[in-house]
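Let's take a friendly walk through a protein model. Have the sequence and the 3D view ready as you read.

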Amino acid sequence: MKLTPIRRSRSRRRPPRSTLEALLLTCCLAAQYANAQTTITDGSTTQFTLASSATTFYHLPLSSQSTVYVSLSICSPPSDLGVNLPFTIASPALALSNSSSTTSPDPSTYDKTTDKSFEQVADLNLGVANITSPATEGAWIGVRAPDVSTLGGSSSSVGNWHFQLSVSTSSPVEQFSSRAGLAFDDSDQTNALLTTANYSRMGDNETLPPSWRTLIVPTTSLTASLSASKCFITNATGLVPESRLNASVTTRGWSGGNRIQYEASGLSAGTNYTAWLLEATGSSSSNRTKLWGSVSFATKSGSNCRLVHSLDFCPDVAYSVPAPSGVSTSDLTAYYESKMNTSFANFKRSLTTFPCHDLSMGAYSFISTCDNCTSSFLTWSCAVTMPRCADPPSGTTLTLNNTNTTEWVIPPSYQQLLFRTDPYISRTPALSPDTIATTFPNDTSATSPFPYAEVPPCLDVCNFVEARCPNMLQFVCPKSNDGKGGTGQAGYGITSHVGTAFRMGGDPGGGDGLRAGDRFGNVYCNALSTDLLTALQFPKASTATTLHGTRIPCSSIKLLLITFVVSNLIIPFLF
């Protein structure tokens with residue numbers, strides 16, 4: 001058999017690429033992708049997403065030497081980090097290079113002890129990382145998303161990190177101040193009142209208010225860990241729309257200047273909220289803003305307290321008072337005004353027996369005047385006539401003793417709350433179930449607010465009257481330092497030390513830090529701004545304080561020249 005030889009093709013078959021060649025090609029493509037940059041412009045804000053541990057780069061071209069302000073904010077983390085995100089993520093997330101020799105500054109590879117190729121790196125703190133750096137030829141920015149596995153998330157974390165990057169060469173696009181920008185006044189079941197610091201001096205009605213905006217969201221774990229991120233707050237679930245924020249001007253407060261008060265409506269009962277003040281710091285066409293630190297508060301669970309404010313007869317009142325359901329707010333305030341008119345008229349009649357405006361007869365003080373006395377007494381009278389209302393403990397029941405002979409129970413120490421279960425042992429016996437129909441004859445559906453809890457007036461409220469009024473009135477406040485203030489313990493509360501970082505917006509400082517409340521919603525007593533007035537008078541009040549709030553030494557306020565007793569002064573019952 002003749003074998004036919006197999007003819008080989010002249011075209012040589014190419015061998016497959018080697019493993020090394022494939023690896024080199026992959027590395028080149030990866031490097032090209034990693035070094036890809038997005039060009040951004042001066043004054044711009046860019047939003048983007050990154051997977052866990054991913055990195056991206058940006059380039060800001062510059063034509064001359066400039067100072068570059070860079071801000072990185074977390075808008076939202078991956079979904080399974082909602083309860084695990086710490087205040088500070090201790091791994092660099094933002095890097096900036098001002099040299100063309102390093103155009104891909106990766107925050108994760110920076111070693112500040114050996115690497116000088118980057119200008120700066122920054123961690124994320126409260127959701128924000130900031131860098132300010134000089135640059136000439138340009139700024140190259142690197143952003144690296146945190147590794148979710150190091151933050152309590154799983155390796156199969158759902159979702160991406162959402163970021164916002166802002167850059168500018170004139171001023172920071174976004175600023176943050178840790179100081180609170182708002183003061184929380186009080187809330188009821190569905191409304192809350194917050195107030196800014198004064199933006200003008202007393203009597204100045206020409207100065208326009210800053211471009212302020214109040215942001216309120218239901219409190220979650222992220223409202224604390226991302227509390228400096230405007231991007232997170234303005235996109236948070238449940239953000240109260242501006243249509244439910246009624247802004248108005250008020251002169252209420254320790255300075256007498258103009259402030260903005262925001263009344264939020266339509267809130268959920270028994271819910272914790274967090275609020276920020278946002279200020280537009282540039283022109284109307286600018287996107288520059290300053291975010292002030294947050295304050296926290298809670299709405300009340302029950303409907304027996306109602307928020308009232310801006311009252312002509314009690315201008316310092318801005319809190320919830322006991323309120324029968326079925327009674328309109330106008331009828332409610334008219335009831336309290338009628339109670340005020342009686343006691344205040346008697347006081348003014350007694351004060352007119354002193355020749356306040358005739359200096360030839362002598363003055364009772366080199367510092368205080370009868371007007372000061374009248375103002376202080378009005379504040380005190382409002383505080384004891386219109387008690388500050390709060391939710392009672394769960395399960396509290398009404399104790400009705402219509403004999404009107406129940407004895408007062410004196411607490412063993414000053415209390416933050418007084419539980420009003422018996423109407424005849426309260427400041428509002430006319431709101432008892434058996435008298436409510438007589439008190440509000442035109443409101444047939446009125447229902448008694450008892451039981452409720454009361455935040456007692458601060459002892460400072462009483463001290464101001466004693467210090468500013470003539471001694472002839474014989475107005476005396478509790479002065480015990482041993483924790484046994486007599487009947488005053490049932491009628492007053494005391495301030496507590498609050499650190500500078502924990503104070504509410506508009507705080508003047510001083511007074512040894514003794515305050516009636518803090519920025520986290522804690523309320524120690526009902527001050528009607530007397531705690532801040534005391535702080536102003538005693539910037540270093542270490543020698544003017546006791547265990548029972550801030551004492552105002554009479555020798556520091558007034559010089560008594562005349563002493564006699566007026567018998568017809570009627571003062572409302574302290575309890």
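The paragraphs below look at strands, then at cores, and then at a pair of helices.

Please keep in mind that this is a predicted model.

Strands of a sheet pair through backbone hydrogen bonds, either parallel or antiparallel.

**An enclosed strand**

Now turn to β17 (residues 289-293). Four of its five residues are buried, so β17 is largely enclosed by the rest of the structure.

| Strand pair | Direction | Bridges |
|---|---|---|
| β10 (residues 174-180) and β17 | parallel | five bridges |
| β16 (residues 272-280) and β17 | antiparallel | three bridges |
| β21 and β23 (residues 452-455) | antiparallel | three bridges |

You can trace both of the β17 pairings residue by residue: S177 has W292 of β17 as its bridge partner, and L278 stands opposite L291 of β17.

**The nonpolar cores**

Which residues touch the most other members of the largest nonpolar core? They are V317, Y336, W380 and M386, in a core of 51 residues. Elements giving two or more residues to this core are β19 (305-309), β20 (318-322), α4 (329-351), α5 (370-385) and α7 (459-468). The largest share, eight residues, comes from α5.

Setting aside neighbours within four places in sequence, Y336 is in contact with F313, V321, P322, T385, M386, P387, T428 and L431. There is also a second, separate core of 41 residues, and I40, L72, L222 and I233 are among them.

**Two helices side by side**

Two packed helices are described by the angle between their axes and the distance between the axes. For α5 and α7, the angle is about 155 degrees and the axes are 8 Å apart. That angle makes α5 roughly antiparallel to α7. The contact involves N372, C373, S376, F377, T379, W380 and A383 from α5, together with V461, C462, F464, V465 and R468 from α7. The crossing of α5 past α7 is left-handed.

Notes:
Residues numbered from 1 in each chain as written. Predicted model: local features only at pLDDT ≥ 70, side-chain atom pairs only at ≥ 80, totals over all residues. Heavy atoms only, no water. Pairing = 2+ DSSP bridges. Core = buried A, V, L, I, M, F, W, Y, C linked by side-chain atoms within 4.5 Å. Buried < 20%, exposed > 50% of the residue type's maximum accessible area, 1.4 Å probe, protein only. Contact = heavy atoms within 4.5 Å. Axes fitted to C-alpha atoms, helices over the stretch in contact; angles between N-to-C directions. Parallel < 35°, antiparallel > 145°, perpendicular 65-115°, else oblique. Left-handed = near helix turned anticlockwise from the far one by under 90°.
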